[in-house]
Amino acid sequence: MSAALYKQMMRVNLKGFLNYAFGSAFYIFLMFWLYPGIAKNTEALDDIVATMPEGVGRAFSLNGFDSAEAFISGEYYGLILVLILAIVSVQLSTQLMARMIDRGSMAYLLSTPTTRVRIALTQACVLVSGLLLILGATTLAGFAGKAWLLGDRYAFDGGRFVLLNAAAFLMFFAVAGIAFLVSAASSDEKRALGLSGAIVFGFYSLDLLGKLGDGIAWMRGLSIFSLYRPGDIVGGEAFPRARLRAARGDRVSLLRGRHTGIQTEGSAALIRSSPAPSAARNCTKRAA
Amino acid sequence: MLTLEHLTKTFKSGKGIRDVSFSVRRGEVFGFLGPNGAGKSTTIRHIMGFMKPDRGRAILNGMDTWKRQGEVQSGVGYLPGEIAFIEGMTGREFLEFLSGMQRVRDRERRERLIERLQFDADTPIRKMSKGMKQKVGIVAAFMHDPEVVILDEPTSGLDPLMQKAFVELVLEEKARGKTLLMSSHSFPEIERTCDRAAIIKDGAIVTIADIHELQRMQRKLFEVTFDTADEAAAFAASGLSVEWMDGNRVRVAVKGDYGRFAEETSKRRVRNIDLFTQNLEDIFMDYYDRKGAGA
């Protein structure tokens with residue numbers, strides 16, 4: 001890693017990171033602010049959800065409204081945060097490699113005594129730092145929101161909330177890794193952006209579609225996002241070990257799907273472990 | 001110091017460079033000439049180790065520039081043909097950042113260069129004109145006092161005064177024993193600074209020429225206006241190589257024997273002498289044409 005490059009890249013991108021971090025923190029505040037109103041009508045809301053087709057509730061992560069983190073895991077971690085982080089992963093990884101190659105500023109970096117691998121590693125560190133920053137701000141905002149807006153009147157499990165953020169981080173560590181690999185392998189900014197965007201949002205759509213209908217549930221198996229289940233964490237399914245293993249890049253693990261309120265009962269889900277962390281390593285090799 | 005061995009790279013478009021070989025000696029200023037799209041920048045990118053050649057290799061300081069990228073670069077200055085800085089910085093911030101990457105602490109040389117090229121380094125790069133960016137690029141190439149400097153079209157965007165300042169800088173570096181390679185499509189610029197030059201066209205080296213020899217080969221055209229047409233006719237008949245004649249005006253080509261020209265001219269009453277210099281461009285175009293006719 002090159003300290004000078006890391007420092008400079010963080011400086012250039014800090015404003016963007018802070019914008020997303022602030023936006024995410026603000027949104028989570030908003031959720032906490034809304035929650036007391038929702039908590040009053042938990043039963044009525046649960047009834048409404050129960051009248052919807054099962055797939056819809058699954059797809060839009062309606063995880064129940066009986067605790068603050070269940071509400072947040074559904075409404076924020078299940079949808080909006082995923083979109084925000086997907087955009088950050090695709091955009092930032094394209095900016096850090098393909099754009100610099102395309103525009104020619106990479107030539108300046110390579111003209112200094114710094115190897116290609118070191119430059120790619122440094123840029124990858126910037127990407128991971130950005131994700132950490134955004135999720136760190138989100139986590140802190142969650143605890144602050146709990147302290148200021150909820151107090152002791154409403155149920156909130158801090159440990160699970162942290163796990164929720166950790167899962168989101170690991171998930172997007174993998175997603176950003178794929179986007180970074182694409183970015184490092186292309187010399188054209190637009191192509192890198194298009195390709196990594198298509199992969200990431202393609203994954204997202206496959207997961208969403210798979211959740212909507214039981215007949216096409218297999219689609220989820222193709223998507224890395226099927227590994228990300230904020231509902232499971234708040235539902236007390238702990239932190240699925242497979243997910244951790246997946247983040248480490250293990251091969252394939254077969255998990256039995258369990259009833260969690262949003263999962264279909266007894267459906268066996270073949271979960272492919274993500275190739276992404278190793279992809280992140282590979283991309284530096286590719287660049288070499 | 002720098003050796004290119006059969007460097008070959010073909011792009012998807014079919015363009016590229018073919019079998020480019022030449023070597024630059026230590027302390028030499030080497031020109032690299034050719035029209036746009038001839039392969040100058042591609043060759044330079046190989047020299048800098050940015051591209052992997054399909055065949056052949058570039059060796060700088062005894063190291064393969066692609067395989068040992070990151071090592072070769074210490075002690076090398078580089079000015080890209082199309083300058084792209086990192087966004088959101090001022091000139092000085094960029095130079096400071098690059099010094100950090102080059103692991104050079106000394107700021108004095110940088111400040112001297114900034115002063116010399118006369119620009120406000122604290123201007124944000126996005127507000128800079130092309131010439132100003134070029135100046136930042138030149139400072140970046142020289143500020144760490146490298147042994148070897150690779151310059152891709154260094155004077156593009158500079159006004160004549162700054163071009164002169166740049167030529168002086170190059171000559172100074174040469175006097176300090178540095179090795180320079182500069183590409184250009186401007187012949188006078190190469191003529192003023194280089195010892196030798198390679199000429200590239202359509203991705204292949206056409207020739208490698210000694211600039212001083214070319215200068216000696218250079219013909220100068222004098223157009224002399226005499227008082228009378230008779231004097232002009234007598235002058236034309238004196239054995240000088242006459243290019244053109246009209247009334248009392250004669251245009252002769254002189255190559256080397258200026259004494260004889262002066263002698264013949266001074267015998268007659270002269271109203272005016274005009275000088276036309278055949279520049280290196282014409283000489284190089286002769287090379288091109290000869291090659292073109294041969295193909």
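## Tyr77(A) and the nonpolar cores

In this predicted model, Tyr77(A) touches Ile28(A), Ile72(A), Val82(A), Thr138(A), Phe161(A), Leu164(A), Asn165(A), Ala168(A), Tyr228(A) and Pro230(A), when residues up to four places away in sequence are not counted. Tyr77(A) also belongs to the largest nonpolar core, which has 133 residues, and together with Phe94(B) and Phe142(B) it touches the most other members of that core. The element that gives the most to this core is helix α4 of chain A, residues 68-96, with 14 residues. Apart from this core lies another one, of eleven residues, which include Val224(B), Ala232(B), Val252(B) and Val254(B).

## Two packed helices in chain A

Helix α8 (residues 158-185) and helix α9 (residues 189-212) of chain A pack with their axes 9 Å apart and at an angle of about 155°. Because angles over 145 degrees count as roughly antiparallel, α8(A) and α9(A) are described as roughly antiparallel to each other, and the crossing in which α8(A) passes α9(A) is right-handed.

On the side of α8(A), the contact is made by Val175(A), Ile178(A), Ala179(A), Val182(A) and Ser183(A), which meet Ala192(A), Leu195(A), Ser196(A), Ile199(A), Val200(A) and Phe203(A) in α9(A). Of the residues in this contact, nine are nonpolar and two are polar, while none is charged.

## Positive phi values in chain B

Arg103(B), although not a glycine, has a positive phi, near 55°, and its place is in the loop between α2 (91-102) and α3 (108-117) of chain B. Asp145(B), likewise not a glycine, has a positive phi of about 50°; this residue is found in the loop between α4 (130-142) and β7 (148-152) of chain B, where it is partly exposed, with a relative accessible area of 28%.

Conventions:
Residues numbered from 1 in each chain as written. Chains lettered and ligands numbered in written order. Predicted model: local features only at pLDDT ≥ 70, side-chain atom pairs only at ≥ 80, totals over all residues. Heavy atoms only, no water. Axes fitted to C-alpha atoms, helices over the stretch in contact; angles between N-to-C directions. Helix = DSSP H or I, 4+ residues; strand = E, 2+ residues; numbered from the N terminus. Parallel < 35°, antiparallel > 145°, perpendicular 65-115°, else oblique. Left-handed = near helix turned anticlockwise from the far one by under 90°. Contact = heavy atoms within 4.5 Å. Nonpolar A, V, L, I, M, F, W, Y, C, P; charged D, E, K, R; others polar. Core = buried A, V, L, I, M, F, W, Y, C linked by side-chain atoms within 4.5 Å. Buried < 20%, exposed > 50% of the residue type's maximum accessible area, 1.4 Å probe, protein only.
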